[in-house]
Amino acid sequence: KRVAIEAASPFGWERYTGCHGKVIAINHFGASAPGDKVLAEFGFSVENVVNTFKSID
């Protein structure tokens, strides 16, 4: 199981995760808030990373 976590574009990470892995990343720009709130909103939390990992078959 592989999960890539990138606080920017997901482009290219599939080469490391493989076709069964998952990438947690941000596909767009323009969010404005304190950093911890923005990251949590886009799935960069321990809970989401763990759940994403567990969801991989």
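This note goes through the predicted model point by point, from the whole chain to single residues.

1. Basis of the values. The structure is a predicted model, in which local features need pLDDT of at least 70 and side-chain atom pairs count only at pLDDT 80 or more, while totals for chains, interfaces and linings use all residues. Residues are numbered from 1 along each chain as its sequence is written, and side-chain values use heavy atoms, with hydrogens and water left out.

2. Overall architecture. The protein chain holds three helices and two strands, arranged along the sequence in the pattern β-α-β-α-α; helices (H or I, at least four residues) and strands (E, at least two) are DSSP runs, numbered from the N terminus. Taken along the principal axes, the C-alpha atoms fill a box of roughly 35 × 25 × 10 Å.

3. Surface and burial. The accessible surface of the protein chain comes to about 4400 Å², and 56% of this surface belongs to carbon and sulfur atoms, the areas coming from the Shrake-Rupley method with a 1.4 Å probe, where for residues only the protein chains shown count as cover. Of the 57 residues, 21% are buried, where buried means under 20% relative accessible area, exposed over 50%, and partly exposed in between (1.4 Å probe, protein chains only).

4. Contacts and charges. Among contacts between residues at least 6 apart in sequence, 33% join residues at least 24 apart, a contact being heavy atoms within 4.5 Å. The chain carries 6 positive and 6 negative side chains, and the centres of the two sets lie 7 Å apart; Lys and Arg count as positive and Asp and Glu as negative, His and the chain ends are not counted, and the place of a charge is taken as NZ of Lys, CZ of Arg, CG of Asp or CD of Glu.

5. The segment after helix 3. Ile-56 lies in the segment that follows helix 3 (46-54) and counts as buried because its relative accessibility is 5%. Although Ile-56 and Val-3 are 53 residues apart in sequence, their C-alpha atoms are 8.9 Å apart in space. Not counting residues up to four places away in sequence, Ile-56 touches Lys-1, Arg-2, Val-3, His-20, Gly-21 and Lys-22.

6. Thr-17 lies in helix 1 (residues 14-17) and is buried, with a relative accessible area of 9%; leaving aside neighbours within four places in sequence, its contacts are Arg-2, Val-3, Ala-4, Lys-22 and Val-23. Thr-52, placed in helix 3, is likewise buried, at 13%, and, with the neighbours within four places in sequence again left aside, Thr-52 is in contact with Val-3, Lys-22 and Ile-24.

7. Rings. There is one aromatic pair, formed by Trp-13 and Tyr-16, which is tilted, with 5.6 Å centre to centre and 55° between the planes. Rings of Phe, Tyr and Trp (its six-membered ring) pair if their centres lie within 6.5 Å, planes under 30 degrees apart counting as stacked, over 60 as edge-to-face and the rest as tilted. Trp-13 is partly exposed at 28% relative accessible area, and Tyr-16 is partly exposed at 47%. Separately, the charged end of Lys-1 sits over the ring of Phe-53, 5.0 Å from its centre (NZ of Lys or CZ of Arg within 6 Å of the ring centre and within 35 degrees of the ring normal).

8. Ala-31 has its place in the loop between strand 2 (22-24) and helix 2 (35-41) and is partly exposed, with a relative accessible area of 46%. Leaving aside neighbours within four places in sequence, Ala-31 is in contact with Val-38 and Phe-42.
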